[in-house]
Amino acid sequence: MQPNILILGGGYAGTIAAARIARRGIPVTLVDQRDALVERIRLHQVAAGDDIPPVPYQQIFRNLPVDVVRARVTSIDRATKRVTTSAGVLTYDKLVYALGSESGENPLVIRQRLQTARTVTVIGGGLTGIETAAEIAERHPHVAVTLVDRGTIGAGLSARAIKHLHSFFDAHNVKVVENRAVAPGEQLDADLVIRCTSFELSPIAWDAGLRTNERGQVIVDDHLRSTDPSIYVVGDAAYVPGRRMSCALALPMGAYVADLLTGATREPFRFGFALQCISLGRHDGIVQFVTPEDEPRDGAILGRPAAWVKELICRFTVLSLKMETRGVHYRWPRPEEEAAA
């Protein structure tokens, strides 16, 4: 008898899990507040002015046994294996928790406010902050952009890549302020302040009694199981030690859990990073080669070739989801494969 599999949240992890399970002939229900996949890795482009429509789930899951329920998840009752949503109560045998994280910033609101802003401060010098500052600076040259971080901007890059990053900022008049902590609620002298310092996670897992860390991510074992053996957690909602929240991690997690639930694997989850890809506007970028632990190597692709690579990777992300529905399964880098090479 096939298990009743329920996936909470679409996104990269939940969507690839649903496609991979359904492609093997097992029906699955996906619950999401939207009826389409939002390309989060392109939201800085949307904020700066690009029109990037979400990809309808109906298009992704065409001809597959995926029942998409458009609803907001409100609670999980582990004792009865029931999930309460704004559309009603759903039951499960196996639950994939992929509610992920949300940024406090709405890219469409940023886009609107950029029409009148003359000064913009981006707080947070991680990959999201760098891409946001760079995109705005290139697309809105009349805006004075400042990028602020409590540490060193580009700290995870090689020396050559850091030099290129600062050269881009200099050429586009982006003021870089390092080692400057901005307190919550602190007022800054800017027409528009964009915070790229953290993401908010749903409290639903904690409310259900699952073990979480201080950020609200669910603690999982090496098979991505929570403290409840019937609940698996993927994407930003899962805490995997030594692995940053990213699309590069979310896709493998979703694909792995699909393999586990359909009996295609019993091995523990293994993942190693290979690249950090940063877009600097539409015509520049950095592709930093990294160790499986995400430490920078000496090698990097810079400038326009890096922009091409980043764009290809963004397109490949959505293509990977569509290829799953045709039986071409997504593969991801594993540390042991690199060691063997």
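Mentor: Happy to! The lining of the largest cavity has 5 nonpolar, 3 polar and 3 charged residues. In that count, Ala, Val, Leu, Ile, Met, Phe, Trp, Tyr, Cys and Pro are nonpolar, Asp, Glu, Lys and Arg are charged, and the others, Gly among them, are polar. Keep in mind that this is a predicted model: local features need pLDDT of at least 70, side-chain atom pairs count only at pLDDT 80 or more, and totals for chains, interfaces and linings use all residues. Residues are numbered from 1 along each chain as its sequence is written, and side-chain values use heavy atoms, leaving out hydrogens and water.

A cavity here is a set of points, on a 1 Å grid over the protein atoms alone, where a 1.4 Å probe fits but cannot get out, and lining residues have an atom within 4 Å of a point. There are 2 cavities of 30 Å³ or more. The largest has a volume of about 50 Å³; a volume is the space filled by probe spheres set on the points, which are joined across faces, edges and corners. Its lining includes Gln217, Asp236, Arg243, Arg244 and Met245.

Strands (E, at least two residues) and helices (H or I, at least four) are DSSP runs numbered from the N terminus, and two strands pair if DSSP finds at least two bridges between them.

Strand 11 (residues 119–123) has 4 of its 5 residues buried, meaning under 20% relative accessible area with a 1.4 Å probe, protein chains only. Strand 11 pairs with strand 12 (residues 144–148) over 5 bridges, and the chain passes between them through helix 5 (residues 127–139) in a right-handed β-α-β crossover. Right-handed means that, with the strands pointing away from the viewer, the path from the first strand over the helix to the second runs clockwise. Isoleucine 123 has valine 148 as its bridge partner in strand 12 and arginine 195 in strand 14.

Terms used
1 Å grid on protein atoms, 1.4 Å probe; cavity = no way out; pocket = protein on both sides within 12 Å on 5 of 7 lines; lining within 4 Å. Buried < 20%, exposed > 50% of the residue type's maximum accessible area, 1.4 Å probe, protein only.
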